[in-house]
Amino acid sequence: MATAAIFSSLRRRRSPSLDAFLAPVDLSDVALLQTLASVSDELVSNFSPKSFFFQRNNSRSLIRKIQVFLLLLDYLKDSGSVSTMPSTAVLCFKELYLLLYRSKILLDHCAQSSKLWLLLQTHSISGHFHDLNQEISTLLDVFPLKDVKLSEDIREQVELMQRQARRAKLFIDKNDELLRIQFFGFLDEFQNGKVPSSEELRSFFVDRLSIKDAKSCRVEIEFLEEQIVNHEGDVEPTVSVLNGFVAITRFCRFLLFGFEEDEMGLGIAGSVKRPRKGLIMQEIAETFTKVPKDFCCPISLDMMRDPVIISTGQTYDRCSIARWMEEGHCNCPKTGQMLVHTRLVPNRALRNLIVQWCTAHGVPYDLPESTDSSGENFAAAASPTRAALEATRATAALLIQQLANGLQGAKTVAAREIRLLAKTGKENRAFIAEAGAIPHLRKLLSSPNPVAQENSVTAMLNLSIYEKNKSRIMDEEGCLESIVEVLRFGHTTEARENAAATLFSLSAVHDYKKRIADEEGAVEALAGLLREGTPRGKKDAVTALFNLSTHTENCLRMIEAGAVAALIGALGNEGVAEEAAGALALIVRQPFGAEAVGKEEMAVAGLIAMMRCGTPRGKENAVAALLELCRSGGTAATERVLKAPMLAGLLQTLLFTGTKRARRKAASLARVFQRCENTSLHFGGLGVGYAFAGNSTTNRDSSFAGDVSVPVAISVPVL
């Protein structure tokens, strides 16, 4: 009884919405009976011939009850006794209208859902049938059967159904329950580090569930993944358990049905239409997965990693609001209200929702180190179970075996699946690389098959997100060269863009920046992608170029490769301007860099335009680049910057409204002009009184790279 009560409570919260089904109060009694008879007839005719794989008894019992209602409705409609029906009977028939539609929803669900989902939901779905039966019992108890003129046989059938409905109990099919227990048994075996035998798995999936091919298995996987995305907190099984079942089913897909090319159209590059994700924190809102607005910080507009509440009740990302306060602001950025105090209270509920959403959508999300224990506990609950990890590990072993020894079609399938497995979870990325995937993926990078190449470079990208894998990729002989070859000559646009993103990921390690820049054609290809690529390709290219520019020995190579011209051209592109200005600010620190930038006609104009119309970080980088251009470029460069129109007003504006770094750079630039001959003619005494605003210019900022503000914490794409 306790178990039944729990399921009943759960079902009440999860019953299908009836908002779309309103009782036809405006129909006449005759029209109401006709409508009910039509709906009942449709249900009987549609579902009677169907063969339900699960919930057979419950489904058949419900259909038989609907058949009795149909007999009752047809008799009343044909007998002409509608006008004499009591008002209580009319109200019961209006309630029956809703009940029939709820029955349709439930029968549709049982007929169309995946077998594995129906199996996992055996108790809950059985409970829905029991709820409907109780409602039928209540309706018949209220229905004034004695006051309605019926033939003897119809009355007997209705009374029999009434008695049966009263006696009916929650029914759970024993065979269905045994299968469900067996499925959970597989989960327990993986949880304990044991892989079930192929004979057991084949008997379960093929013989007992009739999942007989790769396509059917993929449909089951996709349905379960959809349930994870739509999961609500009070639904069993939990997301982590569902992830385990998905991993087990994916393992069985390859163990039982092999690696033949399937319905995905792997042999034709143009036929594969995949949603593309760019750099997660910047591009995701514009592409396949849209981050809910409530998850984005009102200051940075990026998804919050550590949401906190300030005294006005508004929520911001901790790093953004802390920076706002450090800059001397005493008001709420969103409402303008003065802050009563500066305490930051963690918004645990929102952070948990963000973690859950990221888990469901495959978006990387790393909790900050300072997060509290409740967040850690939630992250642990949402993280993969050992069963999911062990099943995925077993799947990875099968995939890598095919990469090593399979036919071309099997290798293409394996590369695609490794790409998908490496989308989320550092554990997945770790053991896929440890199992030896990288050497085989490297060979596939030169495949003449466009889809194989695209999947292999994207798999390499996803693996590179895990720090230890960066060294594995760089240490693999010929791997960097192959990635650059894909960047230069890849068969598809997406392959070239993902190669650029891979270089961006690898260049996060300082020791690899010089090696990447020295690789033949790498910087040239990145510059070309920045000039002519798609918006996402430009983003990948500019972030890679910025990372490379932070290594001083790369600057000359970037100039020779034409990257400077490409970066200057990108200043007018809102999507990549911040990073382009940041890279230029680093390059011009070298005298030869300042000379190269100074020769570009649009350089100063582009940086001035960013100071006027750019984002706060863009303005910060633009004024930093102009300052360094004056310091390293000599008199000619200083004179050119000095003569730029509107600079005086822009510097004054930055000194009052810019970020802390922007104010410091603006003050330093003003002092540079103050020392120049005839400065007062151009600026009308702009330099007077600037000593308060920053450090003395006798010493260059000690760590300039730290003063170039670009969103370098952006996650690399996972595709």
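Good morning. I begin with Glu390, which touches Phe190 and Gly193 when residues up to four places away in sequence are left out of the count. The model I am presenting is a predicted one. Glu390 belongs to helix α16, which spans residues 386–405. With a relative accessibility of 19%, Glu390 counts as buried, because the limit for that class is under 20%.

I turn now to the aromatic residues. Across the whole structure, a search finds 12 aromatic pairs. One of them joins Phe183 and Phe205: the ring centres are 6.2 Å apart and the planes stand at 85°, so this pair is edge-to-face. Where do these two residues lie? Phe183 is in helix α8, residues 174–191, and Phe205 is in helix α9, residues 198–208; the pair therefore ties together parts that are 22 residues apart in sequence.

Are Phe183 and Phe205 buried or exposed? Phe183 has a relative accessible area of 0% and is buried. Phe205 likewise counts as buried, at 0% relative accessibility. Both residues also take part in one aromatic cluster, formed by Phe183, Phe184, Phe186, Phe204, Phe205 and Phe245.

My last topic is Phe53 and the charges placed over its ring. Which residues are these? One is Arg56, whose charged end sits over the ring of Phe53 at 5.8 Å from the centre. Another is Lys115, which lies over the face of Phe53, 4.4 Å from the ring centre.

To close, I would return to the Phe183 and Phe205 pair, which is edge-to-face and links helix α8 with helix α9. Thank you for your attention.

Methods:
Residues numbered from 1 in each chain as written. Predicted model: local features only at pLDDT ≥ 70, side-chain atom pairs only at ≥ 80, totals over all residues. Heavy atoms only, no water. Phe/Tyr/Trp six-rings, centres within 6.5 Å; stacked < 30°, edge-to-face > 60°. Helix = DSSP H or I, 4+ residues; strand = E, 2+ residues; numbered from the N terminus. Buried < 20%, exposed > 50% of the residue type's maximum accessible area, 1.4 Å probe, protein only. Lys NZ or Arg CZ within 6 Å of the ring centre and 35° of its normal. Contact = heavy atoms within 4.5 Å.
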